[in-house]
Every structure is written in structure tokens, then in C-alpha cells.
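Take a look at the sequence and the 3D structure below. Keep both in view while you read.

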Amino acid sequence: MKFLFVDSCHNELFVLLYDNGKIYTRKSSGNKKHNSVLLPFIDEVLTESGNKIKDIQNIACCVGPGSFTGIRLGLTTCNGIAFATCANRVAINTFESIAYNNINHILVCVDSGHGNYYAGEYDNGKEVSLFSTEDRPFYKDLGCEIITWNGEKDSNNIVNVICEKIKNKDFVQMFSPLYLKKSQAEREKDDKTSNKK
């Protein structure tokens, strides 16, 4: 089994290529210049693994939540590669690899700025709900363990989640963004609309 995985949703760009048990990765320093290093990173992991892009049967992408621009960059790139190579598309979200194999009732929180979080509620590894704490300020009352993600990527968990999805043929027709809150432009437009009333 082979797959290429891209996560451009956060400060650190992360690219992983899995080739029958071997893992090749690249990650940025967190400077958010993902557009200038994404394709070179993909080329580097392909070269290091001895693969060509046509050899990769599955393209996996983190669809969010996270930076609006980062999400769109990853999705567009992965959709383009999958379209050109006829590879299967595997979508995962930011929370899945953190919640993988956790049998407890947990809430995975990802910093979304200004004291708010994107949150994924999982029970026995199964998704219960996804939300922004801006919309659900009483998220701490859910009575579950809260795990605040520190930004570290667990390559083994990511590989396990994607392998399981590939084995279950859990593919998508097209990568679509997972937004848990409106963009700044949408919020500003809403504010202007409500002020006019």
C-alpha cells in the first residue's frame, strides 16, 4: 500500500509518503509559506522513496479545520494530483489522528486564536460532534477528558487512520474543506449586515 498525505491546515506544513511500511516525511519550520514549499516537499519524499507520482494509488489530505488559506492550498493540490493520477482520495480531519485508538470519552481541542478552539468530541474513537468553541462556549461542561493539541504530528497514528480508511474503501469523490467557523471576511460581512438593521 502506498499513499501521499498533505496537511497544510496549520502553521507547520506536513507531507508524508507511506510506501509499504516505510514512512518519509517533510515539515516546514512553521513560517506559513506553504505555497512555496508544498510541491518541492512532495517531490522530495517521492525522490527519497524511489517513487514517481504515478506510482501513488492513494492521496490523503487533511481537510481542516485550520487556516482557511492553508486548507484550500492542500485541497486544491491534492485534488489536482488525484485527478491527474486517478488516485483514490482519502479525507481526514485534524482530530482523527489525535483521537485514534483512544477508547475514552474525549474532547480534542485545536487553538483557533483569540482564546477559542476548534473541538472534536470522540467516544471510544468514534466522532460524536465537531464544533468551534465560539459557538459552544460551555464545551468544558461535556464531562469528558480535554486534550489540547500542541501541534505535534504523530506519523504512526496518521498512517494508521489512513490505512484503515483505505482498507475500508472510505474514499471521497472530491476533497472538500471542513470549516467550523466562518472566515474573517464572512464575519465582517455579517457584522456590516447586522449593523445596517
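The paragraphs that follow go from the nonpolar cores to the loops and then to a pocket.

This is a predicted model, in which local features need pLDDT of at least 70 and side-chain atom pairs count only at pLDDT 80 or more, while totals for chains, interfaces and linings use all residues. Residues are numbered from 1 along each chain as its sequence is written, and side-chain values use heavy atoms, with hydrogens and water left out.

Start with the cores. A nonpolar core is a set of buried Ala, Val, Leu, Ile, Met, Phe, Trp, Tyr and Cys residues joined through side-chain atoms within 4.5 Å. Buried means under 20% relative accessible area, exposed means over 50%, and partly exposed is in between (1.4 Å probe, protein chains only). The largest nonpolar core has 50 residues. Phe3, Leu4, Phe5, Val15, Ile59 and Ile162 have the most contacts inside this core. Helix H4 gives the largest share of the core, six residues. Helices (H or I, at least four residues) and strands (E, at least two) are DSSP runs, numbered from the N terminus.

Now pick out isoleucine 59. Contact means heavy atoms within 4.5 Å. Leaving out residues up to four places away in sequence, isoleucine 59 touches Leu4, Cys78, Ile81, Ala82, Ala87, Asn88, Arg89, Val90 and Phe175. Another core, of six residues, lies apart from the largest one. Its members include Leu107, Ala119, Phe131 and Cys144.

Next come the loops. Serine 28 sits in the loop between strand E3 (22-27) and helix H1 (34-49). Is serine 28 buried or exposed? Serine 28 counts as buried because its relative accessibility is 9%. Its side chain reaches the backbone nitrogen of leucine 13 at 2.8 Å. That is a polar contact: a pair of N or O atoms within 3.5 Å, where within protein one must be able to donate a hydrogen and the other to accept it, and residues adjacent in sequence count only if both atoms are side-chain atoms. Beyond its neighbours within four places in sequence, serine 28 is in contact with Asn11, Glu12, Leu13, His34 and Phe41.

Histidine 34 belongs to helix H1. Histidine 34 is buried, since its relative accessible area is 5%. Not counting residues up to four places away in sequence, histidine 34 touches Ser8, His10, Asn11, Glu12, Leu13, Ser28 and Leu73. The C-alpha atoms of histidine 34 and aspartate 135 are separated by 29 Å, and the two residues are 101 residues apart along the chain.

Proline 65 lies in the loop between strand E4 (58-62) and helix H2 (68-85). The peptide bond from glycine 64 to proline 65 is cis, with omega near -5°.

Two asparagines have a positive phi. Asparagine 101, in the loop between H3 and strand E6 (105-113), has phi near 70°. At 64% relative accessibility, asparagine 101 is exposed. Asparagine 124, in the loop between strand E7 (116-123) and E8, has phi of about 55°. At 47% relative accessibility, asparagine 124 is partly exposed.

Threonine 133 is in the loop between E8 and strand E9 (145-148). Threonine 133 is buried, because its relative accessible area is 4%. A polar atom of its side chain lies 2.8 Å from the backbone nitrogen of tyrosine 117. With neighbours within four places in sequence left aside, threonine 133 is in contact with Asn116, Tyr117, Ala119 and Tyr139.

Valine 172 lies in the loop between H4 and helix H5 (184-196). With a relative accessible area of 29%, valine 172 is partly exposed. The C-alpha atoms of valine 172 and asparagine 88 are separated by 7.7 Å, although the residues are 84 apart along the chain.

Last, the pocket. On a 1 Å grid over the protein atoms alone, a pocket is an open set of points where a 1.4 Å probe fits, with protein on both sides within 12 Å along at least five of seven lines; lining residues have an atom within 4 Å of a point. The second largest pocket has a volume of about 390 Å³, a volume being the space filled by probe spheres set on the points. Of its 16 lining residues, Glu96, Tyr100, Gly125, Lys126 and Glu164 are the closest to its centre. Which element gives the largest share of the lining of this pocket? H4 does, with three residues.
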